[in-house]
Amino acid sequence: MRAIMIFLTSFLLMYVDFAFAGFSPIIVSDVEVYFVPRVLLMFILLLSIYTGSRMSILLAVVFGAMLDFYIGSVYGIHAFGMVAFVLFMHTAFRVFHKDFVAMAFVVLLLTMLYDIYIYLLHIILDLVDKPVFDYMALRAAPSLLLNALLFTVVYVIALKTSRVRKEVLPKH
Amino acid sequence: MNRLFNRNRMLIILFGIIILILLIGFSMTDRSSTTRAEQFTADAAAGSQMIINAPFDFVGSLFGTITRSFNAVEENEKLRAQLEMLPQMQADIERLEAENEELREALDISSRQSYESINARVISRSHDQWLNSFTIDKGETDGLTTGMAVMTPEGLIGTVTRVNGGTSYVEMLTTSVSQNNLSVEVMHDGTPIYGNVQKYDKERNLLVVENIKNRSGLSPGDEVFTSGLVGNYPEGLLIGTVVEVENDEYGLSQNAYVQLKSNADNVDVVFVIERSPESMED
């Protein structure tokens with residue numbers, strides 16, 4: 001039952017990500033500012049701590065492949081990236097599971113690194129030619145801000161769907 | 001044990017990187033059709049998205065109907081006035097079409113402008129927006145194939161690059177994939193002047209058309225259409241308007257900067273253009 005709930009929630013969060021495509025980019029004094037949400041990725045990263053790596057790797061493969069085949073031009077980028085970041089999160093940052101602030105910092109940092117990874121792959125494949133400074137100022141920073149706002153909601157959803165016991169929950 | 005675990009992990013990472021490279025290579029090959037696995041995954045994602053979106057669309061359309069009903073009387077009068085002219089216009093169009101067809105048959109030629117359009121709705125846009133692309137709710141079962149032109153009511157917007165069972169993936173004219181081999185004609189005083197799309201200038205948000213012959217007399221305001229000479233695009237699809245003309249770096253030809261008619265940021269309903277087979281024979 002819990003696995004079904006997690007799967008359905010992941011589906012919904014994927015479409016929350018898609019829904020933001022209608023609002024972004026926002027034109028600010030003739031400059032396009034991109035806000036890219038990574039709600040699904042944040043959810044899967046949190047699940048790797050609170051539910052276990054197997055479940056989150058499975059979700060990463062399924063939803064990564066779905067993103068690649070449905071809205072991606074280059075296959076494998078999301079599937080491979082999500083699995084790699086889930087493994088990294090699970091291996092390196094498991095110890096922070098009781099600290100909300102540390103967890104928020106780690107998840108947002110990994111979300112930003114994930115976007116940079118996709119940016120670099122697109123640069124290598126010569127699909128985009130956005131300068132690094134433009135990318136950081138007009139895309140990475142605004143996206144980080146948006147994801148920071150969304151993190152609390154995703155965190156609560158991840159805890160609810162994972163059914164984490166109270167003694168494991170953060171004290172903040 | 002620890003060393004073995006690390007070695008295993010290294011092997012998994014290496015294996016993953018190899019699979020990633022193979023997948024990238026596979027997706028970037030020039031293919032005319034998609035595999036069943038790709039079609040199934042994309043259609044499953046599209047189907048579930050349509051189910052989830054359905055209640056939101058319903059509420060949205062309800063509010064839209066209420067908002068529009070405030071201007072209904074005024075709009076109704078305008079439409080009624082237009083409707084009175086419609087039978088005459090319809091008759092004129094039928095007469096001209098028949099006359100055109102007769103003349104074409106007499107001259108034994110086919111038109112590069114001949115095409116059918118298939119209406120489609122945009123159901124999804126890539127949220128990371130690295131490439132300007134979107135997914136539409138028509139696919140192989142509706143007769144779509146790779147390479148077909150996609151229009152908005154304002155003008156050309158992109159190309160169908162991947163066709164699934166019930167959905168298709170469209171890349172916009174602002175990406176290099178759609179610009180590949182796109183031949184255009186600029187209409188200046190009723191005379192077509194030919195060129196090729198070189199790239200999309202992202203800083204100025206303008207399409208760059210190259211290889212235009214010197215002293216062609218192009219001027220800002222001239223309209224740009226597809227030429228129908230290359231690919232699946234019929235002739236005469238409106239692309240945009242020339243805003244600037246300059247000589248190329250060697251002075252051998254001219255480049256034109258074109259403002260697109262369609263708005264890439266606001267695409268909702270599109271028409272997929274199916275070029276008639278007779279028009280490809282010339």
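Predicted model: local features only at pLDDT ≥ 70, side-chain atom pairs only at ≥ 80, totals over all residues.
Which residues of H2(A) and H6(A) make the contact? From H2(A) come Val39(A), Met42(A), Phe43(A), Leu46(A), Leu47(A) and Tyr50(A). H6(A) contributes residues including Asn147(A), Leu150(A), Phe151(A), Val154(A) and Ser162(A). Sorted by class, the residues of this contact are 13 nonpolar and two polar, with no charged ones.

Now turn to where the chains meet. Here 26 residues of chain B are in contact with 26 residues of chain A. On the chain B side, helix H1 (2-28), helix H2 (36-69), strand S1 (115-125) and strand S2 (133-136) each supply at least two residues. That side of chain B has 12 nonpolar, 11 polar and three charged residues.

Chain B itself is assigned three domains: domain 1 (2-25 + 33-67), domain 2 (74-109) and domain 3 (115-277). Between the C-alpha centres of domain 1 and domain 3 of chain B the separation is 28 Å. Eight residues of domain 1 of chain B are in contact with nine residues of domain 3 of chain B. The domain 1 side of that contact has three nonpolar, three polar and two charged residues.

Finally, find strand S8(B), residues 206-213, which pairs with S7(B) and also with S11(B). The table sets out the two pairings.

| Strand pair in chain B | Bridges | Direction | A facing pair of residues |
|---|---|---|---|
| S7(B) (residues 191-201) and S8(B) (residues 206-213) | five bridges | antiparallel | Tyr200(B) opposite Leu207(B) |
| S8(B) and S11(B) (residues 253-260) | five bridges | antiparallel | Ile212(B) opposite Gln254(B) |

S7(B) and S8(B) form a hairpin with four residues between the strands. Which residue in this hairpin takes a positive phi? Asn205(B) does, with a value near 55°.

Notes:
Residues numbered from 1 in each chain as written. Chains lettered and ligands numbered in written order. Contact = placed C-beta atoms within 7 Å. Nonpolar A, V, L, I, M, F, W, Y, C, P; charged D, E, K, R; others polar. Domains from an automatic or database assignment. Pairing = 2+ DSSP bridges.
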